[in-house]
Amino acid sequence: MAKLKKFHKLRYVYSDVVSLVNTYCKKGKVLEIGCGTGNNLVFFAENGWDTYGIDINKKAIGYAHKLLKSKNLKAKITIGNVEELPYKNREFDLVLDRACLQHNRINSIKKIIKEVERVLVRGGGIHNCEF
Ligand SMILES: C[S@@+](CC[C@H](N)C(=O)[O-])C[C@H]1O[C@@H](n2cnc3c(N)ncnc32)[C@H](O)[C@@H]1O
């Protein structure tokens, strides 16, 4: 993974995440890989999803906890590399990648995709937006 020194304190969910979820997804259990400062997690938590996030950046996760707390929302956030997801097989209905994969090298991306496939329920979805 390319080393990221800074993080942006993002507060608001990305609009295409809202469109996807509202158009195609039945509420369930969601994991955001590379959840950063938790802006997308807030959206899922406030809409009743069982919400999980994982990111390698401890500072970003610290901010995510503060953001969720300020809104009285809960999400289970783990510090870790998404190449090895610390979750059981077929645990999630939806995995969101909003600009995480793109920060990784091709070999890592292959591992991450395998892991995502492993933790998704059969027929589950991965939403990927890289911009
Ligand atoms: C551009 S930020 C996007 C944050 C959030 N998904 C959003 O939409 O605002 C990318 C995030 O992915 C995380 N990331 C990238 N590669 C990772 C990896 N291999 N394991 C864990 N986190 C990773 C970075 O630490 C960073 O917080």
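**View 1. Tyrosine 52 and its contacts.** Leaving aside neighbours within four places in sequence, tyrosine 52 is in contact with Val30, Leu31, Ala75 and Lys76. Two residues are in contact if their C-beta atoms, placed from the backbone, lie within 7 Å. This is a predicted model: local features need pLDDT of at least 70, side-chain atom pairs count only at pLDDT 80 or more, and totals for chains, interfaces and linings use all residues. Residues are numbered from 1 along each chain as its sequence is written. Tyrosine 52 is found in strand β2. Tyrosine 52 counts as buried because it has 23 C-beta neighbours inside 10 Å. A residue is buried if 20 or more other C-beta atoms lie within 10 Å of its own, exposed if 12 or fewer, and partly exposed in between; these C-beta atoms are placed from the backbone. From tyrosine 52 to isoleucine 33 the C-alpha distance is 8.7 Å, across 19 residues in sequence.

**View 2. The whole protein.** The protein has four helices and five strands. Helices (H or I, at least four residues) and strands (E, at least two) are DSSP runs, numbered from the N terminus. Starting at the N terminus, the elements run α-β-α-β-α-β-β-α-β. Along the principal axes, the C-alpha atoms fill a box of roughly 35 × 35 × 25 Å. A compact globule of 131 residues would have a radius of gyration near 14 Å, and the protein agrees, with 13 Å. The radius of gyration is taken over C-alpha atoms, and the globule rule is 2.2 Å times the number of residues to the power 0.38. Of the 131 residues, 32% count as buried. Among contacts with a separation of 6 or more, 72% come from residues 24 or more positions apart.

**View 3. Strand β2 and its partners.** Strand β2 covers residues 50-55, and five of its six residues are buried. Strand β1 (residues 29-33) runs parallel to β2, joined to it by five bridges. Two strands pair if DSSP finds at least two bridges between them. β2 also pairs with strand β3 (residues 76-79), in the parallel sense, over four bridges. Which residue of β2 stands opposite isoleucine 33? It is isoleucine 54. Isoleucine 54 also stands opposite threonine 78 in β3. In a regular strand the side chains alternate between the two faces of the sheet.

**View 4. Two crossovers.** β1, helix α2 (residues 39-46) and β2 form a right-handed β-α-β unit. A crossover is right-handed if, with the strands pointing away from the viewer, the path from the first strand over the helix to the second runs clockwise. β2, helix α3 (residues 58-70) and β3 also make a right-handed β-α-β unit.

**View 5. Strand β4 beside β1.** Why is β4 largely enclosed by the rest of the structure? Six of its seven residues are buried. β4 and β1 pair in the parallel sense over four bridges. The bridge partner of glutamate 32 is leucine 96 in β4.

**View 6. Phenylalanine 43 in helix α2.** Helix α2 holds phenylalanine 43. Is this residue buried or exposed? Phenylalanine 43 counts as buried, because 21 C-beta neighbours lie inside 10 Å. Not counting residues up to four places away in sequence, phenylalanine 43 touches Val13, Val17 and Val18. Phenylalanine 43 and threonine 78 are 35 residues apart in sequence and 18 Å apart in space, C-alpha to C-alpha.

**View 7. Two loop residues with positive phi.** Most residues other than glycine have a negative phi. Asparagine 72 is not a glycine, yet its phi is positive, about 55°. Asparagine 72 lies in the loop between α3 and β3. Asparagine 72 is exposed, because 8 other C-beta atoms lie within 10 Å. Arginine 90 is not a glycine either, and has a positive phi of about 55°. Arginine 90 sits in the loop between β3 and β4 (92-98). Arginine 90 is partly exposed, with 13 other C-beta atoms within 10 Å.

View 8. How many residues surround the ligand? There are 22, and the closest are Gly34, Gly36, Ile56, Asn57 and Arg98. A residue is near a molecule if its C-beta atom, placed from the backbone, lies within 6 Å of it. The shell divides into eleven nonpolar, eight polar and three charged residues. Ala, Val, Leu, Ile, Met, Phe, Trp, Tyr, Cys and Pro count as nonpolar, Asp, Glu, Lys and Arg as charged, and the others, Gly among them, as polar.
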